[in-house]
Amino acid sequence: MRTFLIIWSGQLVSRIGTAMTRFALLIWAYQQTESATTVALLGFFSFLPLIAISPLAGVWIDRVDRRKILLLADGGAMAMTAALLGLYVTGHMEIWHLYVAEGLAGAFEAFQGPAFGAATSTLVPRSQYTRANGLRSLSEFGAQIAGPALGGLLLGPLGIGGVMAMDIVAFLVAAVTLLLVRIPLVRQAGTQAALRQDVLVGTQYIWRRRGLLGFALIMTMVNFLASLTWYSIMPAMVLARSGNNELALASVQSALGLGGVAGAVLVSVWGGPRRKIHGVLLGIAASFMLGDLLLATARVLPLWALAAANGAFFIPLISSCYESIWQMKVPLALQGRVFAARNMMTQALMPAGFLFGGVMADYVFEPALSLGGALAPRLGWLVGVGPGAGMALMFLGSATVAIVMCLAAYLIPAIRNVEANLPDHEFASDVAQVGIG
């Protein structure tokens with residue numbers, strides 16, 4: 001647990017730096033075009049390489065010292081930020097540079113996420129998986145509080161260049177923590193000659209287990225709906241409804257982080273429900289019901305902030321229970337490949353969500369709920385009329401679909417009983433006896 005906490009603390013600092021930079025660059029990008037599509041495309045380009053590279057990344061995560069994978073991923077992200085800083089300082093940064101940077105960030109995340117998840121399985125006892133994953137959620141949402149807050153506070157005196165410079169320092173802190181630790185090696189069955197076959201191992205493992213496959217498909221649709229709204233158009237909606245108020249957006253994003261931190265602390269202390277499937281399915285339904293529905297119908301900043309906090313509160317419970325089920329059911333030696341294949345599957349529709357979210361907001365729903373728009377007389381009473389109202393209607397629709405889908409998943413025995421139907425892996429026999437990486 002000590003090694004896990006050292007790595008976790010470095011990743012927390014790194015996440016805060018990244019969140020500061022992304023907030024500053026998001027504001028800059030929206031100010032250049034005032035288009036929801038521009039903001040949504042940032043996410044679109046980040047997920048394309050993540051999906052494409054994930055199968056190969058999983059193979060290397062299972063073959064190479066996972067600490068080295070984490071170091072290389074963090075180092076690549078730091079180099080990308082340094083390149084953006086150089087472009088900005090010399091006055092050459094353009095919107096398309098941000099798209100390229102997001103693509104590179106997605107490629108590094110294809111290695112970093114599964115590697116940290118697989119490393120966590122070897123560092124903490126099985127009984128502590130949910131708590132450890134709760135701490136990972138705590139770092140994610142803690143960064144969402146500190147990142148926008150510090151980004152908004154420092155953007156004025158330091159400018160975008162100063163914020164990116166601080167991000168580079170944060171990457172260095174994460175690298176130092178990784179250099180201080182060792183991660184246990186895991187017995188490997190694959191060989192270099194079997195690389196082509198190894199790429200398919202993770203997908204085949206999931207495909208042959210109906211419970212895990214159905215579980216992954218549920219998360220695929222949830223991620224698509226979230227990318228259609230939260231990830232792609234939420235910043236644009238808040239800016240549109242607040243008259244381009246940067247502090248309003250920072251407040252909503254910080255509230256989102258605060259809700260996530262509260263949920264993560266609860267999960268880390270509590271350990272989650274005995275049956276993790278309830279934490280996933282009921283957590284998703286509650287998040288969309290108390291978050292998205294309120295955000296869609298609210299018209300003032302305090303309610304937007306409350307909606308963001310409500311929605312985020314359940315995410316650590318969802319992600320911790322979801323990750324724990326996979327960590328318990330997948331052998332340690334296969335986790336890199338299986339987790340990468342799972343991430344590729346569950347995030348496969350997210351680029352489409354980002355793309356459609358921005359385009360549908362700008363060209364369909366926003367015009368329809370503008371003054372005199374086609375839907376204004378019928379739905380204006382519910383979500384309002386004018387800038388941001390069309391995007392609010394999109395939140396309303398996605399929330400309804402997600403709630404119905406997750407509750408209906410209880411009708412499928414393979415998903416409902418995934419924990420009982422699949423055996424846990426044998427931890428002791430999986431960990432290599434040769435020492436640590």
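Visitor: Where is the place of Ile-415?
Guide: This is a predicted model. Its helices are numbered from the N terminus. The one that spans residues 413-416 holds Ile-415, and that is helix α17.

Visitor: Does Ile-415 count as buried or exposed, and at what relative accessibility?
Guide: Buried means under 20% relative accessible area. Ile-415 falls under that cut-off, so Ile-415 counts as buried, at 4%.

Visitor: Which residues is Ile-415 in contact with, leaving aside its neighbours within four places in sequence?
Guide: Among them are Gly-211, Phe-215 and Ile-218. Ile-277, Leu-281 and Ala-409 also touch Ile-415.

Visitor: How many Å apart in space are Ile-415 and Gly-214, C-alpha to C-alpha?
Guide: Along the sequence, 201 residues separate Ile-415 and Gly-214. In space, their C-alpha atoms are apart by 6.0 Å.

Visitor: At what angle do the axes of α10 and α16 cross?
Guide: Helix α10 covers residues 276-297, and helix α16 covers residues 389-408. Their axes come within 9 Å. They cross at roughly 160°.

Visitor: Are α10 and α16 roughly parallel or antiparallel to each other?
Guide: Angles over 145 degrees count as roughly antiparallel. The axes of α10 and α16 cross at roughly 160°. The two helices are therefore roughly antiparallel.

Visitor: Is the crossing of α10 and α16 left-handed or right-handed, and how many nonpolar residues does their contact have?
Guide: α10 passes α16 in a left-handed crossing. From α10, the contact includes Leu-281, Phe-288 and Leu-295. From α16, it includes Phe-395, Ala-399 and Ile-403. By class, the contact of α10 with α16 has one polar residue, one charged residue and, for nonpolar, 17.

Visitor: How do α10 and α12 lie, roughly parallel or antiparallel?
Guide: Helix α12 covers residues 315-329. The axes of α10 and α12 are 8 Å apart, and the helices pack at an angle of about 150°. That makes α10 and α12 roughly antiparallel.

Visitor: How many residues in the contact of α10 with α12 are nonpolar?
Guide: On the α10 side, the contact includes Lys-276, Val-280 and Ser-287. On the α12 side, it includes Leu-317, Tyr-322 and Met-328. The contact divides into three polar, one charged and, for nonpolar, 10.

Visitor: What does Met-234 touch, not counting residues up to four places away in sequence?
Guide: Its contacts include Thr-229, Val-252, Gln-253 and Leu-256. Met-234 also touches Leu-249, Leu-295 and Phe-395.

Visitor: Where does Pro-273 lie, and is Pro-273 buried or exposed?
Guide: Pro-273 lies in the loop between α9 and α10. Pro-273 touches Gly-279, Leu-317 and Cys-321, not counting residues up to four places away in sequence. At 18% relative accessibility, Pro-273 counts as buried.

Visitor: Does Pro-423 count as buried or exposed?
Guide: Pro-423 has its place in the loop between α18 and α19. Leaving aside neighbours within four places in sequence, Pro-423 is in contact with Met-328 and Lys-329. Exposed means over 50%. At 61% relative accessibility, Pro-423 counts as exposed.

Visitor: What is the phi of Asn-244?
Guide: Asn-244 lies in the loop between α8 and α9. Asn-244 is partly exposed, with a relative accessible area of 37%. Asn-244 is not a glycine, although its phi is positive, at about 60°.

Visitor: How many Å separate Ser-251 and Pro-148 in space, C-alpha to C-alpha?
Guide: Ser-251 has its place in helix α9. Ser-251 is partly exposed, with a relative accessible area of 34%. Ser-251 and Pro-148 are 103 residues apart in sequence, and in space they are apart by 8.0 Å.

Conventions
Residues numbered from 1 in each chain as written. Predicted model: local features only at pLDDT ≥ 70, side-chain atom pairs only at ≥ 80, totals over all residues. Heavy atoms only, no water. Axes fitted to C-alpha atoms, helices over the stretch in contact; angles between N-to-C directions. Helix = DSSP H or I, 4+ residues; strand = E, 2+ residues; numbered from the N terminus. Parallel < 35°, antiparallel > 145°, perpendicular 65-115°, else oblique. Left-handed = near helix turned anticlockwise from the far one by under 90°. Contact = heavy atoms within 4.5 Å. Nonpolar A, V, L, I, M, F, W, Y, C, P; charged D, E, K, R; others polar. Buried < 20%, exposed > 50% of the residue type's maximum accessible area, 1.4 Å probe, protein only.
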